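Please look at the sequence and the structure before reading on.

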Amino acid sequence: KNSGAGAACVSGARPAQPVQPRVAARPATRRRTMREFSTSYVCDLSAEDFWAMRVDLDFDEYIAAFDGQVFNLVWLKDFADEAGEQIVKRRVRLTFKENPVPKALRGMLKDPEFAFHVDAQWYRSLYTEARAMTYALELPVFSDRISVTGRQWAEPISAHQCRLRCHVIVAATKLPGIAGQVEKGVEKGMREAYALLPARAVEYAKIRSERSASEAEITTSLLEMPAPAAEMPSSIEVAQQQPAEAA
């Protein structure tokens with residue numbers, strides 16, 4: 001004898017399911033989206049030379065100028081880890097040379113200057129993935145809803161080349177309908193900046209080298225100047241000596 005369920009299965013139809021009791025719907029949870037991406041670019045500088053520029057504030061100002069921004073160091077701390085390796089920790093404020101926000105709308109912002117803040121920490125002499133620089137970017141708008149964090153490190157290729165790598169996480173919350181669009185916009189801007197970084201670093205290294213050579217040339221010229229002659233008597237001293245010589 002075939003049961004009703006067995007007959008149903010043979011015929012291809014699913015057996016009837018028992019009625020389940022209704023469960024009250026759970027309250028909607030706050031949706032948080034996340035976007036991760038990585039970049040990798042070859043730079044025509046050694047990893048050591050590139051990383052040394054991380055503590056050169058002139059380099060930061062040079063990079064900011066390309067984007068029409070003004071670099072401001074808020075604070076900087078130096079300390080050592082348990083192994084004695086030196087670590088740099090700092091906070092930076094980036095403002096625009098020309099404020100992109102219309103004057104009529106600036107009063108609606110927490111920061112009328114529309115400034116970005118970057119908190120970063122890195123080892124002075126270590127730049128491996130395990131000892132990568134870490135940073136957090138605070139946007140001038142929706143800073144409580146958009147989180148941007150990243151890691152950056154350098155991989156040696158040769159004595160004159162390295163590969164710059166970074167991994168970034170962009171997370172948005174409480175932005176229904178536009179979270180994905182915002183994340184894509186942040187990613188696009190950061191990808192473009194990282195793509196330009198190697199060439200800008202090389203150009204700055206060239207400028208710094210030329211500046212150092214010029215300063216060295218000036219110093220050498222000063223050192224090669226003839227030593228000043230023995231101190232000559234003043235005109236008053238000469239006048240005082242003349243009567244004695246006449247006598």
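The lining of the largest cavity consists of T39, Y41, Q152, L164, R165, C166, Y194, L197 and P198. A cavity here is a set of points, on a 1 Å grid over the protein atoms alone, where a 1.4 Å probe fits but cannot get out, and lining residues have an atom within 4 Å of a point. The model is predicted: local features need pLDDT of at least 70 and side-chain atom pairs count only at pLDDT 80 or more, while totals for chains, interfaces and linings use all residues. Residues are numbered from 1 along each chain as its sequence is written, and side-chain values use heavy atoms, with hydrogens and water left out.

The volume of the largest cavity is about 50 Å³, and the structure holds 1 cavity of 30 Å³ or more. A volume is the space filled by probe spheres set on the grid points, which are joined across faces, edges and corners. Three elements, β1 (32-43), β7 (161-173) and α5 (179-223), each give at least two residues to this lining. Helices (H or I, at least four residues) and strands (E, at least two) are DSSP runs, numbered from the N terminus.

The largest pocket contains about 980 Å³ of space. Among its 31 lining residues, D67, Q69, L94, V118 and A193 are the closest to its centre. A pocket is an open set of grid points with protein on both sides within 12 Å along at least five of seven lines. At least two lining residues come from each of α3 (57-66), β2 (69-80), β3 (86-96), β4 (116-123), β5 (133-138) and α5. The largest share is that of α5, with 10 residues.

The table sets out both linings by class.

Next comes the chain as a whole. The protein chain has 6 helices and 7 strands, and along the sequence they follow the pattern α-β-α-α-β-β-α-β-β-β-β-α-α. Of its 247 residues, 29% count as buried; buried means under 20% relative accessible area, exposed over 50%, and partly exposed in between (1.4 Å probe, protein chains only). The accessible surface of the chain is about 17000 Å², and 55% of this belongs to carbon and sulfur atoms. These areas come from the Shrake-Rupley method with a 1.4 Å probe, and for residues only the protein chains shown count as cover. Of the contacts in the chain with a separation of 6 or more, 60% join residues 24 or more positions apart; contact means heavy atoms within 4.5 Å.

The largest nonpolar core has 42 residues, and F50, Y135, V148, V168 and M190 have the most contacts inside it. Helix α5 gives the most to this core, with 8 residues. A nonpolar core is a set of buried Ala, Val, Leu, Ile, Met, Phe, Trp, Tyr and Cys residues joined through side-chain atoms within 4.5 Å. Apart from neighbours within four places in sequence, M190 is in contact with F37, Y135, V148 and V168.

V186 lies in helix α5. Why does V186 count as buried? Its relative accessible area is 14%, and buried means under 20%. Not counting residues up to four places away in sequence, V186 touches L139, V148 and V170. V186 and V170 are 16 residues apart along the chain, and their C-alpha atoms are separated by 7.6 Å.

R91, in strand β3, counts as buried because its relative accessibility is 17%. With residues up to four places away in sequence left out, R91 touches N72, L73, V74, W75, H117, V118, D119 and E138.

D56 is placed in the loop between α2 (47-52) and α3. The relative accessible area of D56 is 14%, so D56 is buried. Leaving aside neighbours within four places in sequence, D56 is in contact with Y204 and R208.

Is T134 buried or partly exposed? T134, in strand β5, has a relative accessible area of 37% and is therefore partly exposed. Beyond residues up to four places away in sequence, T134 touches D119, A120, Q121, G150 and R151. T134 and R151 are 17 residues apart in sequence, with a C-alpha to C-alpha distance of 4.5 Å.
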